[in-house]
Amino acid sequence: MPAVSLRVQVPMRWGDMDAYGHVNNVNLIRLMEEARIAGFGVPGGTGAPGVSPKADIFSAVPAGVQILVVEHRVRYSRPLEYRNVPVNVDLWVANIKPASFEICYEFRDPIEDYLCVKAATTLAYFDPAVGRVQRLSEAERAGLAVFEGAPTFAK
């Protein structure tokens, strides 16, 4: 994890648990989304105002531009057991490219703080009016670079 990262807490739901008492792998993807929104905000023009994110990056995306998931990668090192307290998630940015970047995650047990899951989501800005991925502006790249660290997974 890089020196510049954000820690957010994401509530686990009883329904996230599988028969073994672990957070189900499908529900982990939802927790990744919740962590990403808590850390970096909601895309501009979506939802109603609420709690401000730790770093408001996504609300500055121009109107009409969508933030799309290109890929998810997940590696489990220990089961993330359901607890009735929020899970700790450390977030940072990696692999900033001309038209995409990664959000990296480390999910830690909320009580004992041991590492359970490492994950990454590749995102791209998409302009539906022209039907293609949009290159990141210099300002967008600079905003992401503040939170840049090593990628979770070596390419």
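**Loops, core and helix contacts of the chain**

D113 is placed in the loop between β4 and β5, where strands are DSSP runs of E with at least two residues, helices are runs of H or I with at least four residues, and both are numbered from the N terminus. The model is predicted, so local features need pLDDT of at least 70 and side-chain atom pairs count only at pLDDT 80 or more, whereas totals for chains, interfaces and linings use all residues. Residues are numbered from 1 along each chain as its sequence is written, and side-chain values use heavy atoms, with hydrogens and water left out.

D113 has a positive phi of about 60 degrees, although this residue is not a glycine. Its relative accessibility is 33%, which makes D113 partly exposed; on this scale, buried means under 20% relative accessible area, exposed means over 50%, and partly exposed lies in between (1.4 Å probe, protein chains only). Most residues other than glycine have a negative phi. N95, which is likewise not a glycine, has a positive phi of about 50 degrees. The loop that holds N95 runs between β3 and β4. With a relative accessible area of 21%, N95 is also partly exposed.

The chain as a whole contains 2 helices and 6 strands. Read from the N terminus, these elements follow the order β-α-β-β-β-β-β-α. A compact globule of 155 residues would have a radius of gyration near 15 Å, and the 16 Å of the chain agrees with this; the radius is taken over C-alpha atoms, and the globule rule is 2.2 Å times the number of residues to the power 0.38. Along the principal axes, the C-alpha atoms fill a box of roughly 45 × 35 × 25 Å.

Of the 155 residues, 40% count as buried. The accessible surface of the chain is about 8,200 Å², and carbon and sulfur atoms make up 54% of this surface; areas come from the Shrake-Rupley method with a 1.4 Å probe, and for residues only the protein chains shown count as cover. Among contacts with a separation of 6 or more, 66% join residues 24 or more positions apart, a contact being heavy atoms within 4.5 Å. The chain carries 16 positive and 17 negative charges, whose mean positions are 4 Å apart. Lys and Arg count as positive and Asp and Glu as negative, while His and the chain ends are not counted; the place of a charge is NZ of Lys, CZ of Arg, CG of Asp or CD of Glu.

The largest nonpolar core has 35 residues, and F40, F101 and F107 have the most contacts inside it. Such a core is a set of buried Ala, Val, Leu, Ile, Met, Phe, Trp, Tyr and Cys residues joined through side-chain atoms within 4.5 Å. Two or more residues of this core come from each of β1 (6-10), α1 (25-40), β3 (87-94), β4 (101-108) and β5 (115-127). Apart from neighbours within four places in sequence, F107 is in contact with residues including L28, L31, M32, L80, Y114 and C116.

L28 is part of helix α1 and is buried, with a relative accessible area of 1%. Beyond four places in sequence, the residues touched by L28 are V23, V74, Y76, L80, F107 and V117. L28 and M17 stand 11 residues apart in sequence, with a C-alpha separation of 9.9 Å. L31, also in helix α1, is buried at 0% relative accessibility. With the same exclusion of residues up to four places away, L31 touches V10, P11, D16, V23, L80 and F107. The C-alpha atoms of L31 and V87 are 9.0 Å apart, although 56 residues separate the pair along the chain.

Helix α1 also holds I37, which is partly exposed at 29% relative accessibility. The contacts of I37, leaving aside neighbours within four places in sequence, are with V42, P43 and P53. From I37 to S52 the sequence distance is 15 residues and the C-alpha distance is 9.8 Å.

In strand β5 lies Y125, a buried residue with a relative accessible area of 1%. Y125 and N27 are 98 residues apart in sequence, and their C-alpha atoms are 24 Å apart in space.
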